[in-house]
Amino acid sequence: MNLTISGHHLEVTPALRSYVTTKLDRIMRHFDQVVDVKVLLTVEKQKEKERRQRAECNIHVKGSDMFAESSHEDLYAAVDELVDKLDRQVVRHKDRVKDHHHEAPKRLM
């Protein structure tokens with residue numbers, strides 16, 4: 001898995017990097033065919049403070065691409081919300097990809 005964490009108007013500290021990495025491990029638990037993950041952490045210059053910190057993520061898995069974004073007044077809370085959204089998307093994708101057909105029972109003669 002290729003993981004890219006970048007910041008816009010923000011320095012990505014080692015503590016923030018490790019927090020994002022540990023949270024993204026939850027997605028790897030559900031679906032191990034993740035190819036590429038790109039996370040963008042942003043601090044926007046808005047007048048209202050409540051939606052200033054923003055986290056976006058693009059995930060490339062075998063079969064499709066997924067995108068989620070979240071904004072909150074705390075960057076760590078935005079990352080938590082983002083991972084929750086991605087987790088739901090990955091579980092839905094896994095259910096779609098999974099083969100739901102069962103083998104026909106063999107006849108006894």
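What order do the strands of the open sheet take, and what is their pairing? Hi everyone, the order is E1-E2-E3-E4, an open sheet of 4 strands with mixed pairing. Strands (E, at least two residues) and helices (H or I, at least four) are DSSP runs numbered from the N terminus, and two strands pair if DSSP finds at least two bridges between them.

A quick word on the model: it is predicted, with local features needing pLDDT of at least 70 and side-chain atom pairs pLDDT 80 or more, while totals for chains, interfaces and linings use all residues. Residues are numbered from 1 along each chain as its sequence is written, and side-chain values use heavy atoms, without hydrogens and water.

Now the aromatics. The structure holds 1 aromatic pair (ring centres of Phe, Tyr or Trp, its six-membered ring, within 6.5 Å; planes under 30 degrees apart are stacked, over 60 edge-to-face, the rest tilted). For Tyr-19 and Tyr-76, the centres are 4.8 Å apart and the planes at 80 degrees, so this pair is edge-to-face. Tyr-19 belongs to helix H1 (residues 14-30) and Tyr-76 to helix H2 (residues 75-97), so the pair ties together parts 57 residues apart in sequence. Thanks, everyone!
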